[in-house]
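Subject: Structure handover

Hello,

Here is the structure for you to look through. Please keep it open while you read the notes below.

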Amino acid sequence: TDAKKMNHGPFVTLHSEGNIGIITLRRAQHRNALTTAMIEQLITAAITVSDDEKITAVVIEAQGDNFSVGADLNEIKAEKEQRSLHVLVEMPNKVDD
């Protein structure tokens with residue numbers, strides 16, 4: 001085969017087979033829920049494919065039984081809790097006379 005690995009991250013891999021770029025989502029244990037890091041790797045893979053003049057088609061696939069369940073709600077919840085904690089810490093202390 002004419003397969004070539006072009007890019008690799010822990011959550012998204014990219015390789016080519018001939019003129020086809022193949023992007024693979026790799027968080028099967030979390031049903032490929034999209035985290036911020038995963039989205040960044042997906043964007044990087046898309047830019048890499050776009051910049052390669054030999055690639056004329058792209059396939060996006062996923063490991064596991066689910067293509068993707070969407071956003072990682074655990075990451076969103078953790079970010080929301082972090083913002084709430086930050087607001088409480090930054091709240092001015094006012095004592096009434």
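From the N terminus, the elements run β-β-β-α-β-α. That makes two helices and four strands. Both are DSSP runs, numbered from the N terminus: helices are H or I with at least four residues, strands are E with at least two.

This is a predicted model: local features need pLDDT of at least 70, side-chain atom pairs count only at pLDDT 80 or more, and totals for chains, interfaces and linings use all residues. Residues are numbered from 1 along each chain as its sequence is written, and side-chain values use heavy atoms, with hydrogens and water left out.

Start with burial. Of the 97 residues in the protein, 22% are buried. Buried means under 20% relative accessible area, exposed means over 50%, and partly exposed lies in between (1.4 Å probe, protein chains only).

Now the core. In soluble globular proteins, nonpolar side chains tend to be buried together. Here the largest nonpolar core has eight residues: Val 12, Leu 14, Ile 23, Leu 25, Met 38, Ala 45, Val 49 and Ile 55. Such a core is a set of buried Ala, Val, Leu, Ile, Met, Phe, Trp, Tyr and Cys residues joined through side-chain atoms within 4.5 Å. Two or more of the core residues come from each of β2 (12–17), β3 (20–25) and α1 (36–51). Helix α1 gives the most, with three.

Look at Ile 23 next. Leaving aside neighbours within four places in sequence, Ile 23 is in contact (heavy atoms within 4.5 Å) with residues including Val 12, Leu 14, Ala 45, Val 49 and Ile 60.

Helix α1 also holds Ile 43. Ile 43 is partly exposed, with a relative accessible area of 48%.

How many salt bridges does a search of the whole structure find? It finds one. A salt bridge is a side-chain nitrogen of Lys or Arg within 4 Å of a carboxyl oxygen of Asp or Glu. The partners are Arg 27 and Asp 72, at 3.1 Å, N to O. They link distant parts of the chain, 45 residues apart. Arg 27 lies in the loop between β3 and α1. Asp 72 lies in the loop between β4 (57–62) and α2 (73–90). Arg 27 counts as buried, at 7% relative accessibility. Asp 72 is buried too, at 9%.

Best wishes
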